[in-house]
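Please keep the sequence and the 3D view open as you read.

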Amino acid sequence: KRQIQQLGSQLQLNQHCLDTAFNFFKLVVSKHLTRGRRTEHVIAACLYLVCRTEGTPHMLLDLSDLLQVNVYILGKTFLLLARELCINAPAIGETSCHHHEMITEEIM
């Protein structure tokens with residue numbers, strides 16, 4: 001939890017996001033998805049899952065830069081966790097694009 005707090009505070013995430021990331025991490029541990037993966041990579045992937053589900057403007061590259069880890073390694077871990085936890089992580093900006101389409105349709 002301490003590592004999640006530290007990394008999350010560097011991203012300026014609120015407590016709700018940090019708590020959600022910790023819950024994701026507990027799920028990952030309970031499903032034994034940490035085997036063969038570095039803890040810091042799993043924590044970063046959990047934080048990124050929160051960023052995607054909560055719609056924060058952070059990119060995986062931000063976490064990669066903070067940890068000095070290859071972005072593709074974090075991406076692989078993120079995709080595995082999202083798939084195994086059945087979490088639909090919307091693409092960045094997907095909600096705003098959808099919102100724009102709805103507004104455009106209302107105008108016409």
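In helix H5, the residues Leu74, Gly75, Thr77, Phe78, Leu80, Leu81 and Ala82 are buried, where buried means under 20% relative accessible area, exposed over 50%, and partly exposed in between, with a 1.4 Å probe and protein chains only. Helices here are DSSP runs of H or I with at least four residues, strands are runs of E with at least two, and both are numbered from the N terminus. The cover over the buried residues of H5 includes helix H2 (15-30), helix H3 (39-54) and helix H4 (60-67).

A word on what you are looking at: this is a predicted model, in which local features need pLDDT of at least 70 and side-chain atom pairs count only at pLDDT 80 or more, while totals for chains, interfaces and linings use all residues. Residues are numbered from 1 along each chain as its sequence is written, and side-chain values use heavy atoms, with hydrogens and water left out.

Now follow H5 from end to end. The helix covers residues 71-84, 14 residues in total, and reaches 20 Å from its first C-alpha to its last, close to the 20 Å expected at 1.5 Å a residue; the expected span is 1.5 Å times one less than the number of residues. At the start of H5, the backbone nitrogen of Tyr72 has a side-chain oxygen of Asn70 within 2.6 Å. This is a polar contact, meaning a pair of N or O atoms within 3.5 Å; within protein, one must be able to donate a hydrogen and the other to accept it, and residues adjacent in sequence count only if both atoms are side-chain atoms. After H5 comes Cys86, with a positive phi near 55°.

Because Tyr48 lies in helix H3 and Phe78 in helix H5, the pair ties together parts that are 30 residues apart in sequence. Tyr48 and Phe78 are both buried.

Leaving out residues up to four places away in sequence, His41 touches Val69, Ile73, Leu74 and Thr77, where contact means heavy atoms within 4.5 Å.

Next, turn to Ser64 in helix H4. Ser64 counts as buried, at 6% relative accessibility. A polar atom of the Ser64 side chain lies 2.3 Å from the backbone oxygen of Val69. Neighbours within four places in sequence aside, Ser64 is in contact with Val69, Asn70, Val71 and Leu74.

The loop between H4 and H5 holds Gln68, a residue other than glycine whose phi is positive, near 55°. Gln68 is exposed, with a relative accessible area of 68%. Another glutamine, Gln12, sits in the loop between helix H1 (2-10) and H2; its phi is also positive, at about 60°, and Gln12 is exposed with a relative accessible area of 71%. For context, most residues other than glycine have a negative phi.

What about charged pairs? The whole structure contains 2 salt bridges by this search, a salt bridge being a side-chain nitrogen of Lys or Arg within 4 Å of a carboxyl oxygen of Asp or Glu. Glu40 pairs with Arg38, with the closest N and O atoms 3.7 Å apart. Glu40 is partly exposed at 26% relative accessibility, and Arg38 is exposed at 54%. Glu84 forms a salt bridge with Arg83, and here the closest N and O atoms are 3.9 Å apart. Glu84 is partly exposed at 35%, whereas Arg83 is exposed at 55%.

Finally, step back to the whole chain. The chain has 6 helices and 0 strands, and 40% of its 108 residues count as buried. Among contacts with a separation of 6 or more, 68% come from residues 24 or more positions apart. The chain exposes about 6,900 Å², of which carbon and sulfur atoms supply 54%; accessible areas come from the Shrake-Rupley method with a 1.4 Å probe, and for residues only the protein chains shown count as cover.
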